[in-house]
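Here's a quick briefing on how the pieces of this fold sit against each other. Have a look at the model first, then we'll go through the salt bridges, the sheet and the helix pairs.

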Amino acid sequence: RKQHFENLQAFWSGLEISAGFLGYAQRSLNAFHLIFNDLGSLPEDFDFVNMRMYVHNGPSHRAPLRPELAESTYLMYRATREPSWLWAGANMLEAIEELNAVDCGYAATLNALTQELDDEMPSFFLSETAKYL
């Protein structure tokens, strides 16, 4: 049984919302936001049974500012109009502003445990992630 998730899987909630499965989408989005709230970012891999970073063939502690969680959160708010999803989006925006803002833009997180930043800003951050926040 697979006991970890990859942050790209946050797109699935958006598909569930589009298909009308709001209950399933809410549960999975809440799980993603629980980890995001604890770490200030959503790491590439996370072991949700043991609630720790998942390590396979070396560390996978990066959090590259991917858009999937922001997009699914936005879609959930549009579908439900529940203010809690606005709060979740604002919480993401505040965490990114606090932890990832640098002089020339926003840096990806190299290590979500230590909040060490990478020396890059992925192009998808501005073109995809930021537009949902």
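There are 3 salt bridges in this model, counting a side-chain nitrogen of Lys or Arg within 4 Å of a carboxyl oxygen of Asp or Glu. It's a predicted model, so local features need pLDDT of at least 70 and side-chain atom pairs count only at pLDDT 80 or more, while totals for chains, interfaces and linings use all residues. Residues are numbered from 1 along each chain as its sequence is written, and side-chain values use heavy atoms, with hydrogens and water left out.

**Salt bridge**
- (Helices are DSSP runs of H or I with at least four residues, strands are E runs of at least two, and both are numbered from the N terminus.)

- The open sheet has 3 strands in the order 1-2-3, with antiparallel pairing; two strands pair if DSSP finds at least two bridges between them.
- Strand 1 (4-6) and strand 3 (52-53) are the edges, each pairing on one side only.
- Strand 2 (residues 45-47) pairs with strand 3 over 2 bridges in the antiparallel sense, and F46 has M53 of strand 3 as its bridge partner.
- Helix 2 (residues 22-39) packs on the sheet and touches strand 1, strand 2 and strand 3, where contact means heavy atoms within 4.5 Å.
- The direction of helix 2 makes about 80° with that of strand 1. (Axes are lines fitted to C-alpha atoms, for helices over the stretch in contact, and angles run from 0 to 180 degrees between N-to-C directions.)

**Helix 1 with helix 2**
- The axes of helix 1 (residues 11-18) and helix 2 come within 8 Å and cross at roughly 160°.
- That makes the two helices roughly antiparallel, the label for angles over 145 degrees.
- S13, E16 and I17 of helix 1 meet L22, Y24, A25, S28, L29 and F32 of helix 2.

**Helix 3 with helix 4**
- Helix 3 (residues 68-80) and helix 4 (residues 83-100) pack at about 155°, with axes 9 Å apart.
- They are therefore roughly antiparallel too.
- L69, A70, T73, M76, Y77 and T80 in helix 3 meet W85, L86, A88, G89 and M92 in helix 4.

Notes:
Angles under 35 degrees count as roughly parallel, over 145 as roughly antiparallel, 65 to 115 as roughly perpendicular and the rest as oblique.
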